[in-house]
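Please look through the sequence and the model before reading on. The paragraphs below go from the overall picture to the strands, the charged pairs and the surface.

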Amino acid sequence: MRHARHTGFTLVEVLVALAVLAIALAGIMRVTSQAISTSYTLRERNLALWVAQNRLVMHQLKRDWPDTDTVDGDAEMAGGKWFWREQVSATPQKDMRRIEISVGRTADSKDSLVNLAGYLRRVAPTSGSTTTSNPATKSGPIQE
């Protein structure tokens with residue numbers, strides 16, 4: 001009498017296959033969660049950079065000459081509240097100010113997501129005109 005040959009997998013083979021599959025799926029889940037975390041962090045940093053750039057451009061548009069001081073404030077962007085800190089310092093050029101802007105989700109400057117440094121130039125008032133055509137005398141941010 002001949003014995004029928006069993007075709008199929010043994011229990012040990014099935015367990016080994018399941019173990020390999022579990023390890024592969026765990027690795028895929030880890031990579032996916034890291035990608036999601038990185039995407040969220042990049043979004044937050046990008047929004048914080050926009051807040052900082054808005055502050056720098058606001059100084060340019062107002063053509064103001066900020067005092068050398070540290071100023072804190074907050075802004076609304078993308079449905080969230082952002083806290084910024086501006087540190088204005090003098091430069092060797094008497095008509096230039098350095099502004100370093102830190103932005104984060106909390107008021108604590110140690111938790112800032114982005115730091116942006118720029119420079120503003122003092123605009124000499126022109127008589128009889130509110131604008132100037134000489135680009136060398138226009139106020140504008142210079143980003144580092």
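A residue is called buried when its relative accessible area is under 20%, exposed when this value is over 50%, and partly exposed in between, with a 1.4 Å probe and only protein chains taken into account. On this scale, 23% of the 144 residues of the protein count as buried. This is a predicted model, in which local features need a pLDDT of at least 70 and side-chain atom pairs count only at pLDDT 80 or more, whereas totals for chains, interfaces and linings use all residues. Residues are numbered from 1 along each chain as its sequence is written, and side-chain values use heavy atoms, with hydrogens and water left out.

The confidence of the predictor in each residue is given as pLDDT, on a scale from 0 to 100; its mean over the protein is 86, and 83% of the residues reach 70 or more. One stretch to read with care is residues 131-139, where pLDDT stays under 50 and for which the model has 14 contacts beyond four places in sequence, a contact being a pair with heavy atoms within 4.5 Å. Among contacts between residues at least 6 apart in sequence, 44% join residues at least 24 apart.

The protein has one helix and five strands, and from the N terminus on these elements follow the order α-β-β-β-β-β. Helices (H or I, at least four residues) and strands (E, at least two) are taken as DSSP runs and numbered from the N terminus.

S1 and S2 run antiparallel and are joined by eight bridges, with alanine 75 standing opposite tryptophan 82 in S2. The hairpin of S1 and S2 has two residues between the strands, and in this hairpin alanine 78 takes a positive phi near 55 degrees. S2 in turn pairs with S3 in the antiparallel sense over eight bridges, in a hairpin with five residues between the two strands; here glutamate 86 stands opposite isoleucine 101 in S3. S3 also pairs with S4, again antiparallel, over nine bridges, and arginine 98 has tyrosine 119 in S4 as its bridge partner. Seven of the nine residues of S3 are buried, so this strand is largely enclosed by the rest of the structure.

Where do charged side chains meet? Seven salt bridges are counted, each defined as a side-chain nitrogen of Lys or Arg within 4 Å of a carboxyl oxygen of Asp or Glu. In one of them arginine 55 meets glutamate 86, with the closest N and O atoms 2.8 Å apart. Arginine 55 lies in helix H1 and glutamate 86 in strand S2 (residues 80-90), so the pair ties together parts that are 31 residues apart in sequence. Both arginine 55 and glutamate 86 are buried.

Another salt bridge joins aspartate 95 and arginine 122, at 3.3 Å from N to O. This pair links distant parts of the chain, 27 residues apart, since aspartate 95 is in the loop between S2 and strand S3 (96-104) and arginine 122 in the loop between strand S4 (112-121) and strand S5 (142-143). Aspartate 95 is partly exposed at 32% relative accessibility, and arginine 122 is partly exposed as well, at 40%. Aspartate 74 and lysine 81 also form a salt bridge, at 4.0 Å from N to O; aspartate 74 is partly exposed, with a relative accessible area of 43%, and for lysine 81 the value is 43%. Leaving aside neighbours within four places in sequence, proline 66 is in contact with His59, Val88, Arg97, Ile99 and Leu120. Proline 66 and leucine 120 are 54 residues apart in sequence, while their C-alpha atoms are 9.1 Å apart in space.

Phe9, Leu11, Val14, Leu15, Leu18, Leu21, Leu25 and Ile28 form a nonpolar surface patch with about 840 Å² of accessible area together. Patches are made of residues with over 30% relative accessible area and no salt bridge, like charges being joined within 9 Å and nonpolar side chains (Val, Leu, Ile, Met, Phe, Trp, Tyr) within 5 Å. Leucine 11, one of the patch residues, is placed in helix H1 (residues 11-62) and is exposed, with a relative accessible area of 64%.

Key
Accessible areas come from the Shrake-Rupley method with a 1.4 Å probe; for residues, only the protein chains shown count as cover. Two strands pair if DSSP finds at least two bridges between them.
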